[in-house]
Amino acid sequence: MYQFPKTASIASILSLLLFAVPGASGQGLGDDRRGVAVIASDSLVPSGVGGAKRSLADASAIGGDRVPEGVGAGLRVATLRGLTADWDVTIRAPLVTSIREGDVMLASFWARCHESMTGEGVIQFVFERSGKPYNKSALVRFGVREQWKRFHVPFVADDGYGVGEAHATFHLGFNGQVVELAGLEVVNFRDTASLGELPRTRADYAGRAADAPWRAEAERRIDRLRKADLVVTVTGAAGNPVP
């Protein structure tokens, strides 16, 4: 996850639920560290999908046994070819309550890839100001695979924002994939927790492991195509080889 200063390029957050929830959504911070949800619980709906090339995406609601147990509803987004920027297709969830500069926040959501050319989909989570200069408090890109996985993104609010002045958003402008999202929430812990105490999902991708099968073949290709014997001849001032 990238942390941006106040002068960075963009800012956004999600819509808000006006009730207290257990610290870090049940992540074990203790009852004395309760957060406040700052986005609406129904943010992931087809009507929330937008972007400059919204016409190249198809969005539909999912629920029941198609989402993780305990999650009410979710969203499936399928993208066509022709997208040129990750923000060509977005899902935005505006703030429904105010936050202060320096507030410690935690975004959590479920995601999976239903279909892609590689077997892995791509999503990008952003928390940013809703207007210029679009400064960002958080920006992180994840690879998502077939099985549902819960992601956690802790961050610090780069500025104070009122209702609707910032939003959380997913950038989904990646060609030829079908991804599903569910259970999006953003919780504000203010000054009752530190970033280090909150859960964090590290960016990952298929084949990252040191013993991934592709690495051995890549090493063989490097040996064959990019390496050769090197002969060095040292000569003196007269041009004769130096023994």
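This is a predicted model: local features need pLDDT of at least 70, side-chain atom pairs count only at pLDDT 80 or more; totals for chains, interfaces and linings use all residues.
Phe 125 is buried, with a relative accessible area of 1%.

**Phe 125 and its strand**

Strand β8, residues 121-129, contains Phe 125. Although 35 residues separate Phe 125 from Thr 90 along the chain, their C-alpha atoms are 9.8 Å apart. Strand β8 runs antiparallel to β9, and 8 bridges join the two. Within this pairing, Val 122 stands opposite Gly 143 of β9. The hairpin of β8 and β9 has 6 residues between the strands, and there Tyr 134 takes a positive phi near 55°. Strand β9 itself, residues 136-144, is mostly covered, with 8 of its 9 residues buried.

In soluble globular proteins, nonpolar side chains tend to be buried together. Here the largest nonpolar core has 39 residues, and Phe 109 and Phe 125 have the most contacts inside it. Strand β7, residues 104-116, supplies the largest share of this core, 5 residues. Another core of 6 residues lies apart from it and includes Val 104, Leu 106, Ala 193 and Leu 198.

**Aromatic pairs**

A pair of aromatic rings is described by the distance of the centres and the angle of the planes. The structure holds 7 aromatic pairs. Two of them are set out below.

| Pair | Centre to centre | Angle between planes | Arrangement |
|---|---|---|---|
| Phe 109 and Phe 151 | 5.5 Å | 15° | stacked |
| Phe 125 and Phe 170 | 5.8 Å | 65° | edge-to-face |

The pair of Phe 109 and Phe 151 counts as stacked because its planes, at 15°, fall under the 30 degrees cut-off. Phe 109 belongs to strand β7 and Phe 151 to strand β10 (residues 149-156), so this pair ties together parts that are 42 residues apart in sequence. Both Phe 109 and Phe 151 are buried.

Phe 125 sits in strand β8 and its partner Phe 170 in strand β11, so their pair ties together parts that are 45 residues apart in sequence. Phe 170 is buried, with a relative accessible area of 1%. One aromatic cluster is formed by Phe 109, Phe 125, Phe 142, Phe 151 and Phe 170.

**Confidence**

The protein chain averages a pLDDT of 85, and 83% of the residues score at least 70. Confidence is highest in strand β11 (residues 166-171), at a mean of 98, and lowest in strand β1 (residues 20-21), at 34. Over residues 1-26 the pLDDT is below 50, and this stretch has 131 contacts in the model beyond near neighbours in sequence.

Definitions and conventions:
Residues are numbered from 1 along each chain as its sequence is written. Side-chain values use heavy atoms; hydrogens and water are left out. Helices (H or I, at least four residues) and strands (E, at least two) are DSSP runs, numbered from the N terminus. Buried means under 20% relative accessible area, exposed over 50%, partly exposed in between (1.4 Å probe, protein chains only). Two strands pair if DSSP finds at least two bridges between them. pLDDT is the predictor's confidence in each residue, from 0 to 100. Contact means heavy atoms within 4.5 Å. A nonpolar core is a set of buried Ala, Val, Leu, Ile, Met, Phe, Trp, Tyr and Cys residues joined through side-chain atoms within 4.5 Å. Rings of Phe, Tyr and Trp (its six-membered ring) pair if their centres lie within 6.5 Å; planes under 30 degrees apart count as stacked, over 60 as edge-to-face and the rest as tilted.
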